[in-house]
Amino acid sequence: MRYGALEAGGTKMVCAIGDENGNLLEQYTIPTLTPEKTMPELIRYFAERRIDALGIGAFGPVDVVPGSESFGKILHTPKVAWRDYNIVEPFVQALSVPVGLDTDVNAACLGEVMYGAAKGLTDVVYLTVGTGIGAGIYSGGRLVHGMLHPEGGHILIQRHPKDSGECICPCHTHCLEGLASGPSIEKRWGRKAIALTDCAEVWELESDYLAQGIMNLLLILSPQRIILGGGVMQQKQLFPLVRQKLAKKLNGYYDTPELRRLETYVVPAGLDGAQGIMGCLYLAQNAKLLETIE
Ligand SMILES: [Zn+2]
């Protein structure tokens with residue numbers, strides 16, 4: 001079998017071909033322009049490679065609920081050219097293969113569960129901290145969708161008394177993404193995260209916000225492991241700080257073997273940046289399997 005994987009991001013589209021053992025055979029990246037310009041190129045790429053199924057991890061919000069009337073449709077995205085565009089239909093029509101779809105962050109979570117830092121676990125949270133903040137949630141052995149998909153980046157957190165920066169989320173006054181995403185760091189401190197590595201106060205604040213978000217997700221979902229990925233988490237000094245603050249906030253309330261070893265509980269992403277595309281590869285395999293069963 002040859003599977004196609006598409007990580008459809010707001011700035012770039014990563015395409016890959018892989019096999020049923022999770023081996024990536026080739027990869028190709030193009031910028032995300034408008035659907036009119038970008039989709040024909042993606043379709044051509046996968047058509048030439050004669051794939052048996054396709055898995056897509058898409059930027060959202062996107063309707064990922066199978067059977068829903070607008071399944072595949074990108075909803076109220078700030079990327080206006082893609083608003084209300086159905087990203088699944090053109091592939092189904094042009095390639096005549098089953099297409100699996102999930103959000104980019106759920107796909108990344110799935111990649112980690114199937115091949116990476118959470119292999120074999122049934123309850124996992126993958127938190128990406130970058131341009132935005134998103135939480136992929138795998139609970140009881142499956143990705144969580146519910147009415148649409150979780151938006152764990154917008155949970156409310158307490159503003160630090162010393163933080164005079166603004167929450168950059170257009171909808172909320174003190175949500176995790178608005179206070180702790182890459183752009184919010186840049187707005188508050190005047191420089192990108194990567195140029196602030198040596199500024200202790202930046203990471204003191206950032207780790208406090210992340211620990212608050214993680215604590216909330218942890219208390220609600222009781223995951224076996226929490227994986228932190230995304231551009232901001234390249235700042236490796238964050239990991240020990242986040243673990244310390246998480247332990248302090250939990251304050252002994254919740255005692256499990258996992259929480260006694262936070263260094264193996266709150267961990268970095270495990271696939272060298274490939275968790276998203278690997279998750280898409282798995283979505284393709286799953287779509288093929290479902291077709292076979294039907
Ligand atoms: Zn928000």
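Of the 294 residues of the protein, 43% count as buried, a residue being buried if 20 or more other C-beta atoms, placed from the backbone, lie within 10 Å of its own, exposed if 12 or fewer do, and partly exposed in between. The model is a predicted one, in which local features need pLDDT of at least 70 and side-chain atom pairs count only at pLDDT 80 or more, while totals for chains, interfaces and linings use all residues. Residues are numbered from 1 along each chain as its sequence is written.

The protein contains 9 helices and 10 strands; these are DSSP runs numbered from the N terminus, with helices (H or I) of at least four residues and strands (E) of at least two. The radius of gyration is 19 Å, close to the 19 Å that the globule rule gives for 294 residues, so the protein is as compact as a globular protein of that length. Here the radius is taken over C-alpha atoms, and the rule is 2.2 Å times the number of residues to the power 0.38. Along the principal axes, the C-alpha atoms fill a box of roughly 55 × 40 × 35 Å. Among contacts between residues at least 6 apart in sequence, 64% join residues at least 24 apart, where a contact requires C-beta atoms, placed from the backbone, to lie within 7 Å.

The domain assignment gives domain 1 (3–107 + 273–293) and domain 2 (117–268), with bounds that come from an automatic or database assignment. Their centres, taken over C-alpha atoms, are separated by 27 Å. The contact between them takes 10 residues from domain 1 and 10 residues from domain 2. On the side of domain 1 that touches domain 2, β5 and α3 are the elements that give two or more residues.

Five strands form an open sheet of mixed pairing in the order β3-β2-β1-β4-β5; two strands pair if DSSP finds at least two bridges between them. Because β3 (24–31) and β5 (99–103) stand at the edges with a single partner strand each, one side of each is left without a neighbour in the sheet. Neighbouring strands of this sheet are turned by 15° against each other on average, direction ignored.

The strand β2 (12–18) is mostly covered, with 5 of its 7 residues buried. It is joined to β1 by 6 bridges, and the two run antiparallel; a hairpin of 3 residues connects them. On the other pairing, 7 bridges join β2 to β3, again antiparallel, and their hairpin has 5 residues between the strands, with G22 in the turn at a positive phi of about 80°. V14 in β2 is the bridge partner of E7, and V14 also stands opposite T29 in β3. Strand β4 (residues 53–58) is joined to β5 by 5 bridges, and these two run parallel; A58 has T103 in β5 as its bridge partner.

Two helices lie across this sheet. Helix α3 (residues 104–115) lies across β1 (3–8), β4 and β5, running at about 105° to β5. Helix α9 (residues 275–293) lies across β1, β2, β3, β4 and β5, at about 135° to β4. The axes are lines fitted to C-alpha atoms, for helices over the stretch in contact, and angles run from 0 to 180 degrees between N-to-C directions.

Helix α6 (residues 200–221) has 22 residues, which at 1.5 Å a residue should span 32 Å; its end C-alpha atoms are 31 Å apart, which agrees. The expected span is 1.5 Å times one less than the number of residues. Just after α6, S222 takes a positive phi of about 50°.
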